[in-house]
Amino acid sequence: MGIMAKAIWENTVLAESDQTIEIEGNQYFPPQAIKADYFKPSPQHTTCPWKGLASYYDLEINGKRNPNAAWYYPEPKPAAKRIQGYVAFWKGVKVEK
């Protein structure tokens, strides 16, 4: 069992898991660990040279929106296969372990 990690924004837990994977200082949460009600698909995409094409979510809590504050790799390159679908956060989302 790993250490329980939580992603928090606006005093709300967005994701919680003891199965996160740390890459480049970011905690990636398993897809089943996120509270989907707060996540809205975003049209934003970026490319990482070794992880591949990232997709983004906007976060929405009580009418407050945090655009592109979570990202994931739906079809990562082979080197990043283990984080396929896993979700990471930035833009003021606090990740506690």
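This is a predicted model: local features need pLDDT of at least 70, side-chain atom pairs count only at pLDDT 80 or more; totals for chains, interfaces and linings use all residues.
I take buried to mean under 20% relative accessible area, exposed over 50%, and partly exposed in between, with a 1.4 Å probe and protein chains only.

Residues are numbered from 1 along each chain as its sequence is written, and side-chain values use heavy atoms, with hydrogens and water left out.

**Entry 1. Salt bridges**

I counted as a salt bridge a side-chain nitrogen of Lys or Arg within 4 Å of a carboxyl oxygen of Asp or Glu. Side chains of opposite charge can pair when their charged atoms come close. The rule gives six salt bridges.

I looked up Lys 94 again and found a salt bridge to Glu 96, with 3.2 Å between the closest N and O atoms. Glu 96 is partly exposed, at 34% relative accessibility.

I then turned to Glu 24, whose side chain forms a salt bridge with that of Lys 51 at 2.6 Å, N to O. This pair links distant parts of the chain, 27 residues apart: Glu 24 is in the loop between β3 (21–23) and β4 (26–28), and Lys 51 is in the loop between β5 (39–48) and β6 (52–61).

Arg 65 is partly exposed at 43%, and Glu 60 is partly exposed at 27%. Asp 58 joins Glu 60 and Arg 65 in a network of salt bridges.

I located Thr 20 in the loop between β2 (12–17) and β3. Thr 20 counts as buried, because its relative accessibility is 17%. I took contact to mean heavy atoms within 4.5 Å. Leaving aside neighbours within four places in sequence, Thr 20 is in contact with Ala 5, Gln 27, Tyr 28, Phe 29, Pro 30 and Lys 97. With Gln 27 there is a polar contact, side chain to side chain, at 2.8 Å. For that term I required a pair of N or O atoms within 3.5 Å, one able to donate a hydrogen and the other to accept it within protein, with residues adjacent in sequence counted only if both atoms are side-chain atoms.

I found Gln 84 in the loop between β7 (64–72) and β8 (87–89), partly exposed at 30%. Not counting residues up to four places away in sequence, Gln 84 touches Tyr 73, Pro 74, Glu 75 and Pro 76.

**Entry 2. Nonpolar cores**

I defined a nonpolar core as a set of buried Ala, Val, Leu, Ile, Met, Phe, Trp, Tyr and Cys residues joined through side-chain atoms within 4.5 Å. The largest has 18 residues, and among those with the most contacts inside it are Leu 14, Leu 59 and Phe 89. At least two residues of this core come from each of β1 (5–9), β2, β6, β7 and β8. A second, separate core of 12 residues includes Ile 21, Cys 48, Ala 80 and Ala 88.

Notes: Helices (H or I, at least four residues) and strands (E, at least two) are DSSP runs, numbered from the N terminus.
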